[in-house]
Amino acid sequence: MHKPFLKHRWLLTLLLCLIPTAVFAADEAAGEPLLNSLDAAFAQFVKGIFDVLFFSIGGFPLIVLWLIFGAVFFTIRLKFVNFRLFGHAIDIVRGKHDDPNAPGEVSHFQALATALSATVGLGNIAGVAIAISVGGPGATLWMTLGGLLGMSSKMVECTLGQKYRIIKPSGSVAGGPMYYLSRGFAEIGLAPLGNVLAILFSICAIFAAFGAANMIQVNQSYGAVKAVFPIYPWVYGLVLAVLVGLVMIGGIHRIGRVAETLVPVMCVLYVVASLWILLVNFTQIPAAIITIFQGAFTPQAVEGGVIGVIVQGFRRSTFSNEAGVGSAAIAHSAARTDKPIKEGLVALLEPFIDTVVICNMTALVIVITGVYNNPEYEAIRKAGEGAALTSVAFGTVIAWFPILLAISVFLFAFSTMISWSYYAEKAWEYLFSERSLIVYRILFVGATFIGAIAKPQSVLDFGDATFFAMALFNLFGMYFLTNKVVEDLSDYERYLKQAKL
């Protein structure tokens with residue numbers, strides 16, 4: 001009786017929060033002045049955070065330099081593990097080395113699917129279009145390099161997430177950067193510093209969930225969906241809010257089940273659509289690749305020149321695959337395994353699938369169709385509507401493709417939001433305890449609605465700022481704890497050679 005009652009109470013609270021918002025939004029003419037004022041205030045708030053994180057050092061924003069240095073450092077420190085053990089990582093996902101009795105809540109594949117459902121999203125569709133619109137086709141090459149190097153960052157953070165996770169008496173798992181920062185630093189005699197980093201990371205994770213993983217998803221996906229299915233923005237936000245709320249109730253088990261179903265379907269839909277366009281325009285692919293390489297080193301009419309292109313590439317790469325940010329470590333902490341390195345290896349596949357494969361497909365479609373510099377679509381580019389620009393690119397080949405893309409975009413947005421709702425829930429739980437989760441859930445659902453009605457640029461900047469802020473504290477902690485991962489990796493490879501796994 002107790003559990004169902006809590007569920008119904010949660011739904012009742014959700015509806016009570018959403019109905020007044022929907023009633024207000026229904027009268028758009030009356031609410032427009034207030035919405036404009038709120039958007040202006042929101043933009044000023046975002047600018048303050050943005051100016052700090054993207055402070056320029058030699059043309060490179062501070063946070064982008066921080067991410068590039070980290071990815072290169074981990075790749076070298078782990079002796080290019082992202083390439084050496086790539087095949088073995090695939091074997092683990094296939095279940096070749098599974099131990100059904102190992103502690104955890106979900107399988108390797110479910111953990112990978114959950115993390116991928118958070119990363120394979122609008123960063124692959126809207127983010128790529130924005131990167132090319134701002135930095136030119138050459139941004140694609142740097143985005144790809146960022147994905148390859150990011151595989152090492154992802155491996156380190158997810159190994160640490162497993163190594164320092166907490167398994168509660170109920171069997172549920174709590175893990176992620178807030179735990180390896182606090183517990184890992186205590187292990188090396190720096191407990192006070194670790195606790196401060198864990199708290200700051202958790203705060204950033206909660207805001208990132210509201211901005212990058214919620215508001216941007218609903219905002220950018222609406223741009224693609226409205227072009228095919230005319231719908232009021234507040235209605236779209238309301239629908240997504242209710243759907244996300246229903247999945248949030250079930251926790252990681254339901255999120256894992258939904259993710260392992262949705263991720264393969266949405267990836268196949270999008271990849272097949274992209275491949276069809278590439279096959280139809282097969283003869284133009286070599287020219288598109290040449291354009292990308294030329295633009296990477298000799299960009300034309302791009303603000304900041306080569307540095308501007310590199311910045312856009314790495315910035316959108318990280319936003320898409322989340323390497324170094326620490327978010328995926330929360331999902332991978334729940335995987336069933338007694339060897340943290342094993343889950344770290346599974347995690348390194350994410351940036352490859354997300355950025356090297358899917359982002360490049362989007363980029364080639366955009367470059368081949370030429371929508372990134374077509375004057376006809378200047379208004380879409382200036383408005384920052386990346387998903388809408390990608391939709392136009394698909395539509396230039398076959399008229400009904402935007403319908404398929406709109407469905408894919410909706411699934412991408414939805415899957416990212418449910419996975420990130422879990423990430424931020426764990427961060428909230430770390431800061432405030434489980435009993436106050438109802439407050440977080442109401443706020444998360446409310447952010448969905450705000451994302452649907454806010455202007456794209458303000459939402460995009462807010463998402464970037466809060467999202468990248470997580471990397472400041474996460475990467476700092478990872479540098480201190482890298483030796484732990486190196487030791488575990490050496491032991492693991494020794495067992496692997498001796499066939500003892």
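A residue counts as buried if its relative accessible area is under 20%, as exposed if this is over 50%, and as partly exposed in between. The model used here is predicted.

**Exercise 1.** Classify Tyr440, Phe444 and Phe73 as buried, exposed or partly exposed.

*Solution.* Tyr440 has a relative accessibility of 0% and is therefore buried. Phe444 also has a value of 0%, so Phe444 is buried. For Phe73 the relative accessible area is 28%, which means that Phe73 is partly exposed.

**Exercise 2.** Determine the geometry of the ring pair Phe73 and Tyr479, and state where in the chain the two residues lie.

*Solution.* A pair of aromatic rings is described by the distance of the centres and the angle of the planes. The structure contains 19 aromatic pairs. In the pair of Phe73 and Tyr479, the ring centres are 5.5 Å apart and the planes stand at 75°; the pair is therefore edge-to-face, since planes over 60 degrees apart are given that name. Phe73 belongs to helix H3 (residues 62-77) and Tyr479 to helix H22 (residues 456-497), so that the pair links distant parts of the chain, 406 residues apart. Both residues are also members of a cluster linked by ring pairs, together with Trp66, Phe69 and Phe74.

**Exercise 3.** Determine the geometry of the ring pair Tyr440 and Phe444.

*Solution.* The centres of these two rings are 5.8 Å apart and the planes are at 50°, so the pair is tilted. Tyr440 and Phe444 are both in helix H21 (residues 437-453), separated by four residues, or about one turn of the helix.

**Exercise 4.** Which residues have the most contacts inside the largest nonpolar core?

*Solution.* The largest nonpolar core has 104 residues, and those with the most contacts inside it are Leu78, Met155, Leu160, Tyr180, Leu345, Trp420 and Met470. Leaving aside neighbours within four places in sequence, Met155 is in contact with residues including Leu78, Ile341, Leu345 and Val485. Another core, of 41 residues, lies apart from the largest one; Ile125, Cys267, Ala273 and Ile366 are among its members.

Note on methods. Residues are numbered from 1 along each chain as its sequence is written. This is a predicted model: local features need pLDDT of at least 70, side-chain atom pairs count only at pLDDT 80 or more; totals for chains, interfaces and linings use all residues. Side-chain values use heavy atoms; hydrogens and water are left out. Rings of Phe, Tyr and Trp (its six-membered ring) pair if their centres lie within 6.5 Å; planes under 30 degrees apart count as stacked, over 60 as edge-to-face and the rest as tilted. Buried means under 20% relative accessible area, exposed over 50%, partly exposed in between (1.4 Å probe, protein chains only). A nonpolar core is a set of buried Ala, Val, Leu, Ile, Met, Phe, Trp, Tyr and Cys residues joined through side-chain atoms within 4.5 Å. Contact means heavy atoms within 4.5 Å.
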